[in-house]
Every structure is written in C-alpha cells, then in structure tokens.
Amino acid sequence: MNKLIAEFIGTFFLVQAVGYAALTKSALGGLAVGVMLMVMVYAGGHISGAHYNPAVTLAVWLRGKLPKSDVLPYIDRPIVTGK
C-alpha cells in the first residue's frame, strides 16, 4: 500500500507542475516539469520504483522485475485519481 501512496503523491505533484507550466506559458515550463519529475523520482523512487508513466510500468513488467499483481494498480492509478 505504501507503494501506491508514493505513486499517488508523485503523480499529484507531477500533474500539478505540468498544469502550472501550461497555465503560465513560461519558456522554462519544460524545465520545471523535468525538475519536478527528478525530485519525485529521488523522493519516492526507493519506495515505489517511480513508475509515474504507465509505459515505465509496462517496461519493468516485461523485463520480469515487477509482479503481475502490481501492474494493474500502477497503471490504473491515474484513472482512479481522475474521478
């Protein structure tokens, strides 16, 4: 459960950074998003693996480093938080 909470927090801050970058239309918006992703990977990567993109989850699963039971909760997380 701690893994999913870390993923939720990381995704929340990443989506917030993207939203602020889009709203401000700053030339440094991409850098802000990249820095936020870096911070979230360092902050939560050791807990959850930092799968903030479903493509990362799929790639890790295909390599055999993620149990099949963890794939759906990681990928389904953005859909659940969007309700």
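Student: Of the contacts in the protein chain between residues at least 6 apart in sequence, what percentage join residues at least 24 apart?

Tutor: That comes to 51%. Keep in mind that this is a predicted model. The chain's mean pLDDT is 85, and 89% of its residues reach 70 or more.

Student: Let's take helix 1 and helix 2. What makes their arrangement roughly antiparallel?

Tutor: Look at the axes of helix 1 (residues 2–24) and helix 2, which come within 9 Å and cross at roughly 175°. Angles over 145 degrees count as roughly antiparallel, so helix 1 is called roughly antiparallel to helix 2. On the helix 1 side, the residues making the contact include Ala6, Gly10, Phe13 and Leu14. On the helix 2 side, they include Gly29, Val33, Leu37 and Met40.

Student: And Gly34, where does that sit?

Tutor: Gly34 is in helix 2, which spans residues 29–48.

Student: Why is Gly34 called partly exposed?

Tutor: Its relative accessible area is 39%. Buried needs under 20% and exposed over 50%, so Gly34, at 39%, counts as partly exposed.

Student: How many aromatic pairs are there?

Tutor: The count is one aromatic pair. The partners are Phe12 and Phe13, with ring centres 5.3 Å apart and planes at 75°.

Student: What makes Phe12 and Phe13 an edge-to-face pair?

Tutor: Two checks. Rings pair if their centres lie within 6.5 Å, and those of Phe12 and Phe13 are 5.3 Å apart. Planes over 60 degrees apart count as edge-to-face, so the 75° here settles the label. Phe12 is partly exposed at 44% relative accessible area, and Phe13 is partly exposed at 33%.

Student: How do you know whether Lys25 is buried or exposed? And what about Ala50, buried or exposed?

Tutor: Set each value against the cut-offs. Lys25 has 73% relative accessible area, over the 50% mark, so it is exposed. Ala50 has 13%, under the 20% mark, so it is buried.

Student: Why is Thr57 called buried?

Tutor: Its relative accessibility is 0%. Buried means under 20%, so Thr57 qualifies. Thr57 is in helix 3. Leaving aside residues up to four places away in sequence, Thr57 touches His51, Leu66, Val71, Tyr74 and Ile75.

Student: What percentage of the chain's residues are buried?

Tutor: Buried residues make up 24% of the 83 residues. The chain exposes about 5800 Å², with 72% of that supplied by carbon and sulfur atoms.

Technical notes
Residues numbered from 1 in each chain as written. Predicted model: local features only at pLDDT ≥ 70, side-chain atom pairs only at ≥ 80, totals over all residues. Heavy atoms only, no water. Phe/Tyr/Trp six-rings, centres within 6.5 Å; stacked < 30°, edge-to-face > 60°. Buried < 20%, exposed > 50% of the residue type's maximum accessible area, 1.4 Å probe, protein only. Helix = DSSP H or I, 4+ residues; strand = E, 2+ residues; numbered from the N terminus. Contact = heavy atoms within 4.5 Å. Areas by Shrake-Rupley, 256 points an atom, 1.4 Å probe, with all protein chains shown as cover. pLDDT = per-residue confidence, 0-100. Axes fitted to C-alpha atoms, helices over the stretch in contact; angles between N-to-C directions. Parallel < 35°, antiparallel > 145°, perpendicular 65-115°, else oblique.
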